[in-house]
Amino acid sequence: MKVLILGSGVIGVTSAYYLARAGHEVTVVDRQPEPALETSFANAGEVSPGYSSPWAGPGVPVKAVKWLLMKHGPLVIRPKLDPVMWVWLLKMLRNCTSARYAVNKSRMIPIAEYSRDCLRDLRRDIGIQYDERSQGTLQLFRYQAQLDGTGEDIAVLKQYGVPFEVLSREGCIAVEPALSGVKEKFAGGLRLPQDETGDCHMFTQALAKHAQALGVRFMFNTGIDRIVTDGARVSGVATSAGMLQADAYVLALGSWSSRLVAPLGISLPVYPVKGYSITVPIKDASGAPESTVMDESYKVAITRLGNRIRVGGTAEISGYSSKLYDARRATLDHSLTDLFPRGGDLSKATFWSGLRPMTPDGPPVIGPTQYANLHLNTGHGTLGWTMSCGSGRVLADMLSGKKPDVDVSALTVERYMHRFG
């Protein structure tokens, strides 16, 4: 088939690669001049199936109030006269129950685990390099109460067979030696040894070249205006380069996906939740993290990417604004310098923000719509990098008429037909 993919972030490019590998004629369209220049550009760098959990969970509403009042809190809400924002927040609150959390997490773990396996296969098959490390991730608890409260998380990890280690202060230092200089600042940690790290932007750009070698055509600097339908099918996509037509269409535009399909009568509750990062050159390798350290108190991930440190965090609900706020950088600076004071040169840091495409329940939206030739691959939130290869492989199997290796029947847009949204 001829397949047109809208979006060249990590989700769009992985979809293109697997579709081309399956023998399809693929074109990717994006407004940017090259792949992975928006949400995929400078994320936290974690490939973390073990942390594949919904943001909506029991106790979150109470925690949110605390986070909003913290100086370096992980949550920011900038209210707008936007009914879509408030409806999305309401739907998220409705999912903050133990029952819904269990269902939603059960939908996220399989695609995340499968995706990590697909990523490993890619490394073996095509030798792709992206400052990858396979040294696990460490959730660091500053207070004993946080460590004592990991029971529910551990129960879920056991339920899904995710390997883990509960570490004392000395155990944390054994896997992250640079923490030895600040050992009085934390009580212990939870380590997920099978999680990985890597530069999503570097990966996406490298995979795009492999996709081109398979015949994928990229149309950059091309604005996407609207999807045109004819009855129960998509007949084309209006762009700044004219009307583009194909046999099948894949929407992988992240936070912008819901706006593009709303005129088609598709209710897709994907809303942007802005995240921030700084990228810091390593000054002293012995003072830098070995892999990823998640500072649980501030929900900040500190990741080693080659000769750089990526520090990512904050959930800011403020619509489609990409404005950079100094207060958000201060939180990232604080977490890095507090735990790894010798590691990076902050004077040379770059500051970035990206819009994570979040669903109110947590799982992404992958699969068909009521239009026979329109498929969705979006709504991955903070886990786009983690779930990208698996999502692209599954979508390629669907369009090729093959049964995917992992069941994603619960990830389609149809799930939003029920009252939980």
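Here is a quick tour, going from the annotated span to rings, salt bridges, a helix and a few loop residues.

Keep in mind that this is a predicted model.

**The annotated span**
- An unreviewed UniProt entry carries the annotation "domain: FAD dependent oxidoreductase" for residues 2–398.
- That span is 33% helix and 26% strand, and its end C-alpha atoms lie 14 Å apart.

**Aromatic rings**
- A pair of aromatic rings is described by the distance of the centres and the angle of the planes.
- Tyr 276 and Phe 351 make a stacked pair, at 5.7 Å centre to centre and with 20° between the planes.
- Here, too, distant parts of the chain are linked, with Tyr 276 in strand 14 (residues 271–281) and Phe 351 in strand 18 (residues 350–358), 75 residues apart.
- Tyr 276 is buried, and so is Phe 351.
- Which residues do ring pairs link into a cluster? They are Trp 88, Trp 256, Tyr 271 and Tyr 320.

**Arginines over rings**
- Tyr 320, from that cluster, also has Arg 259 lying over its face, at 3.8 Å from the ring centre.
- Arg 78 lies over the face of Tyr 325, at 3.6 Å from the ring centre.

**Salt bridges**
- Asp 199 and Arg 308 form one of the salt bridges, and their closest N and O atoms are 3.0 Å apart.
- Asp 199 lies in the loop between strand 8 (196–197) and helix 8, while Arg 308 is in strand 17 (residues 308–317), so this pair ties together parts that are 109 residues apart in sequence.
- Both Asp 199 and Arg 308 are buried.
- Asp 284 and Arg 342 meet through their side chains in a salt bridge of 2.5 Å, N to O.
- Asp 284 is in the loop between strand 14 and strand 15 (292–295) and Arg 342 in the loop between helix 10 and strand 18, so the bridge ties together parts 58 residues apart in sequence.
- Asp 284 counts as partly exposed because its relative accessibility is 25%, and Arg 342 gets that label at 41%.
- The side chains of Glu 38 and Arg 31 meet in another salt bridge, at 2.9 Å from N to O.
- Glu 38 is partly exposed, with a relative accessible area of 28%, and Arg 31 is partly exposed at 44%.
- Arg 120, Arg 123, Glu 132 and Glu 196 are linked in a network of salt bridges.

**Helix 10**
- How far apart are the end C-alpha atoms of helix 10 (residues 326–339)? They are 20 Å apart, which agrees with the 20 Å that its 14 residues should span at 1.5 Å a residue.
- Buried residues in helix 10 include Arg 328, Leu 332, Ser 335 and Leu 339.
- An α-helix has 3.6 residues a turn, so residues three or four places apart point the same way.

- Ser 347 lies in the loop between helix 10 and strand 18, and it counts as exposed because its relative accessibility is 65%.
- Ser 347 and Pro 281 are 66 residues apart in sequence, yet their C-alpha atoms are 9.3 Å apart in space.
- The side chain of Ser 347 also makes a polar contact with the side chain of Asp 345, at 2.5 Å.
- Most residues other than glycine have a negative phi.
- Asp 131 is not a glycine but has a positive phi of about 55°; look for Asp 131 in the loop between helix 4 (98–126) and strand 5 (137–141).
- Lys 299 has a positive phi of about 55° and is not a glycine either; Lys 299 is in the loop between strand 15 and strand 16 (300–305).
- Asp 131 is partly exposed at 27% relative accessible area, and Lys 299 is partly exposed at 30%.

Note on methods: Residues numbered from 1 in each chain as written. Predicted model: local features only at pLDDT ≥ 70, side-chain atom pairs only at ≥ 80, totals over all residues. Heavy atoms only, no water. Phe/Tyr/Trp six-rings, centres within 6.5 Å; stacked < 30°, edge-to-face > 60°. Helix = DSSP H or I, 4+ residues; strand = E, 2+ residues; numbered from the N terminus. Buried < 20%, exposed > 50% of the residue type's maximum accessible area, 1.4 Å probe, protein only. Lys NZ or Arg CZ within 6 Å of the ring centre and 35° of its normal. UniProt positions renumbered as here; feature names shortened; annotations may be inferred. Expected span 1.5 Å × (residues − 1). Salt bridge = Lys/Arg side-chain N within 4 Å of Asp/Glu carboxyl O. Polar contact = N/O pair within 3.5 Å; in protein donor to acceptor, adjacent residues only side chain to side chain.
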